[in-house]
Amino acid sequence: MSAFTVGEVVAERSVHLTRESLVRYAGASGDFNPIHYRDDVAAAVGLPGVLAHGMLTMGIAVGTLAEALGDSGRIGEYGVRFTRPVVVDPETGADLHVSAKVGAVDDDIARIDLTVTFAETTVLGKAQVRVRLR
């Protein structure tokens, strides 16, 4: 993928998260905060349930684009704001949907805007990736 057009959707995917997904991510990342696996702790701190790790959500989002690019080395910068939690139900899990759309193109950099939704709500704000065109 080398040429980009503003407004073009360059990648999309949906990912189903389960509590097992959270345990696997905790093991890989070393983030064993109990809000990511214990309902009682999440409730005690006022959360609506066990939450997916923010960095897991962020990684799924940029991974969608990296796969489409075929070369993650083209990614020069990536940033997001965590705006809403992803609550992972013990029975039904949580479905994330990621859409990567070209927001701007200049001489050698494209800005890709990521939209990440859970339960029809955007969960990452200002999720933008700068991609080298050459």
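In the predicted model, the side chains of D39 and R19 meet in a salt bridge, with a distance of 2.9 Å from N to O, a salt bridge being a side-chain nitrogen of Lys or Arg within 4 Å of a carboxyl oxygen of Asp or Glu. Because D39 lies in helix 2 (residues 39–44) and R19 in helix 1 (residues 19–29), the pair ties together parts that are 20 residues apart in sequence; helices here are DSSP runs of H or I with at least four residues, numbered from the N terminus. R19 counts as buried at 18% relative accessibility, whereas D39, at 39%, counts as partly exposed, where buried means under 20% relative accessible area, exposed over 50%, and partly exposed in between, with a 1.4 Å probe and protein chains only.

The structure holds four salt bridges. One of them joins the side chains of R24 and E20, at 2.6 Å from N to O; these residues are four apart in helix 1 and are thus separated by about one helical turn. R24 counts as exposed, at 58% relative accessibility. Another salt bridge forms between D40 and R38, whose closest N and O atoms are 2.6 Å apart. D40 is partly exposed, with a relative accessible area of 46%, and R38 likewise counts as partly exposed, at 38% relative accessibility.

Residues are numbered from 1 along each chain as its sequence is written, and side-chain values use heavy atoms, with hydrogens and water left out. As the model is predicted, local features need pLDDT of at least 70 and side-chain atom pairs count only at pLDDT 80 or more, while totals for chains, interfaces and linings use all residues.

Technical notes
Helix = DSSP H or I, 4+ residues; strand = E, 2+ residues; numbered from the N terminus.
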